[in-house]
Amino acid sequence: MQRRFIAGLAAAAAVTLVLTGCSSGSSAGGGQTEDSLTWSMWIAGKEDQAAWQKVADTVKSDDGITLTIQGAPFENYFTKLSTQLSGGSAQCVVSMQSLRAANYTSSLLPLDELAKQDGLDLSAFDSTALDGMKVDGKLYGLPYDTGPIMMFYNRDLFKQAGVDEPKPGWTVDQFEAAGAALKAKGITEFGSTVSDLNLESMIYGYNGGRVITEGGKIDATDAKFAEGLDWLGSLVKKGYATQASSDSSQSSNDFAAGKVAMYTDGPWSLISQKAKVQFDLGVTTLPSGTSGPSTFAAGSGFGISKQCKYPEQAFKAVQTMTSEKVLTSLAEEGRAFPGRTAAQASWYSSAGIEGAEEALKAALAKSSPLLGNKQSDQLSQLFTQYALQAVNGQASGKDTMSSISGQLGSQ
């Protein structure tokens with residue numbers, strides 16, 4: 001879901017390609033008719049463009065609706081979307097991350113009545129994925145993917161060091177013991193990150209600390225979260241983890257380069273990471289601490305802009321875009337862990353990674369949706385500014401969260 005949430009989707013070099021190759025020369029939001037609509041989507045390059053064009057082609061064949069993609073790389077997508085929404089030029093179908101949905105409730109149509117009107121069986125969607133697309137109980141998108149944050153690991157490095165591979169349900173104590181054993185062989189265990197979803201998931205698994213409550217409110221005064229930051233800082237101090245970077249892709253890059261034995265990511269990245277690395281890739285759950293096994297899950301989906309003149313037609317398109325047929329195809333291509341439960345088996349088959357199904361099912365069973373908040377983007381920026389110092393041992397977790405709380409409270 002980045003970037004940071006959907007790893008690998010952002011590439012600055014693709015800007016010109018995507019904006020010209022997907023827009024078909026039409027202006028954003030222009031040319032809407034009952035059988036010709038526009039769709040905004042984050043796209044990194046030719047392969048992305050081709051995959052999502054197949055989805056648009058399915059809408060054409062199944063619904064008779066021509067869906068024209070207006071694309072942008074992920075790191076520019078939401079800035080461009082906000083500009084279009086404020087300028088009255090937004091597309092009909094809008095791709096949306098669960099973490100950011102709360103920022104767009106004034107611009108997106110709630111889908112509950114449309115779903116009821118069409119008799120759509122929402123129970124066919126993964127419950128965590130569906131809940132992630134809700135804000136204050138209202139549904140703002142149908143999910144196409146979902147997934148819990150998990151631990152990717154380098155099987156070759158564990159074998160080289162003579163350390164047992166981590167199994168689903170492993171503990172913080174086992175995680176640290178493996179870190180010590182790997183360090184003794186000159187191997188750094190973990191690639192640190194302060195990316196919001198990954199950082200919050202590690203601390204949630206460690207002691208249940210959270211800055212976004214079950215109700216979707218931000219509480220930067222949570223003492224457990226501050227303690228979790230201190231724990232992550234202790235891993236760096238002990239030499240079990242790298243220092244975190246303001247570059248959200250650093251931990252993934254270090255892992256792919258064999259510089260660290262583990263890092264956190266979501267199932268949306270697993271198949272593409274497998275194709276990239278030159279070693280045997282494994283995946284397991286996050287280490288569990290005092291609160292037992294737990295992690296956060298997030299995903300993405302498709303909503304409808306309030307600027308769309310034909311919401312019923314757009315909802316037909318969105319239903320097709322999140323149908324079992326389409327999500328199965330995306331799963332087979334490794335593009336998404338499906339938001340529909342019936343399509344998830346295809347992802348497991350396509351992954352071809354030993355233990356992936358067991359690990360992912362174990363993580364899903366203990367996952368909670370990380371709800372978005374109107375200050376989520378600001379919180380993410382503050383993590384980069386302040387939590388970076390805590391993870392790298394330059395400030396205490398308590399002082400860090402005090403600074404973050406002060407910044408959030410000033411709005």
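## Cavities, a pocket and selected residues

The largest share of the lining of the largest cavity, 3 residues, is contributed by H8. The model described here is a predicted one. The largest cavity has a volume of about 60 Å³, and its lining is made up of Phe190, Ser192, Thr193, Asn198, Leu199, Met202, Leu232 and Val391. By class, these lining residues divide into 5 nonpolar and 3 polar, with no charged residue among them.

Helix H8 also takes part in the second largest cavity, where H8 and helix H16 (376–391) each supply at least two residues of the lining. The volume of this second largest cavity is about 50 Å³, and the residues that line it are Leu99, Asp196, Glu200, Ile212, Leu370, Leu371, Gly372, Ser376 and Leu379. Its lining has 5 nonpolar, 2 polar and 2 charged residues.

The second largest pocket, for its part, has a volume of about 330 Å³. Of the 19 residues that line the second largest pocket, Ala102, Val135, Asp136, Gly215 and Gly372 lie nearest its centre. Helix H5 (127–132) and strand S4 (134–135) each give at least two residues to the lining of this pocket.

| Space | Volume | Lining by class |
|---|---|---|
| Largest cavity | about 60 Å³ | 5 nonpolar, 3 polar, no charged |
| Second largest cavity | about 50 Å³ | 5 nonpolar, 2 polar, 2 charged |
| Second largest pocket | about 330 Å³ | 5 nonpolar, 8 polar, 6 charged |

Helix H8 (residues 196–207) also holds Asn207, which counts as buried because its relative accessibility is 4%, under the 20% cut-off. The side chain of Asn207 reaches the backbone nitrogen of Gly209 at 2.9 Å. When neighbours within four places in sequence are left aside, Asn207 is in contact with Lys224, Glu227, Gly228, Thr290 and Ser291.

Another buried residue is Ile304, which lies in strand S12 (residues 300–304) and has a relative accessible area of 0%. Apart from its neighbours within four places in sequence, Ile304 is in contact with Cys92, Ser107, Leu108, Leu109, Leu111, Leu114, Pro311, Ala314, Phe315 and Val318. Ile304 and Leu142, although 162 residues apart in sequence, are 9.8 Å apart in space, C-alpha to C-alpha.

Two helical residues are exposed. Ala184, placed in helix H7 (residues 172–184), is exposed because its relative accessible area of 66% is over the 50% cut-off; its C-alpha atom is separated by 8.4 Å from that of Ala161, 23 residues apart along the chain.

Helix H2 (residues 46–63) has 18 residues and reaches 25 Å from its first C-alpha to its last, which is close to the 26 Å expected at 1.5 Å a residue. The buried residues of H2 are Asp48, Gln49, Ala51, Trp52, Val55, Ala56, Thr58 and Val59. An α-helix has 3.6 residues a turn, so residues three or four places apart point the same way. Just after H2, Gly64 takes a positive phi of about 70°.

Terms used:
Residues are numbered from 1 along each chain as its sequence is written. This is a predicted model: local features need pLDDT of at least 70, side-chain atom pairs count only at pLDDT 80 or more; totals for chains, interfaces and linings use all residues. Side-chain values use heavy atoms; hydrogens and water are left out. On a 1 Å grid over the protein atoms alone, a cavity is a set of points where a 1.4 Å probe fits but cannot get out, and a pocket is an open set with protein on both sides within 12 Å along at least five of seven lines; lining residues have an atom within 4 Å of a point. Grid points are joined across faces, edges and corners, and a volume is the space filled by probe spheres set on the points. Helices (H or I, at least four residues) and strands (E, at least two) are DSSP runs, numbered from the N terminus. Ala, Val, Leu, Ile, Met, Phe, Trp, Tyr, Cys and Pro count as nonpolar, Asp, Glu, Lys and Arg as charged, and the others, Gly among them, as polar. The expected span of a helix is 1.5 Å times one less than its number of residues. Buried means under 20% relative accessible area, exposed over 50%, partly exposed in between (1.4 Å probe, protein chains only). A polar contact is a pair of N or O atoms within 3.5 Å; within protein, one must be able to donate a hydrogen and the other to accept it, and residues adjacent in sequence count only if both atoms are side-chain atoms. Contact means heavy atoms within 4.5 Å.
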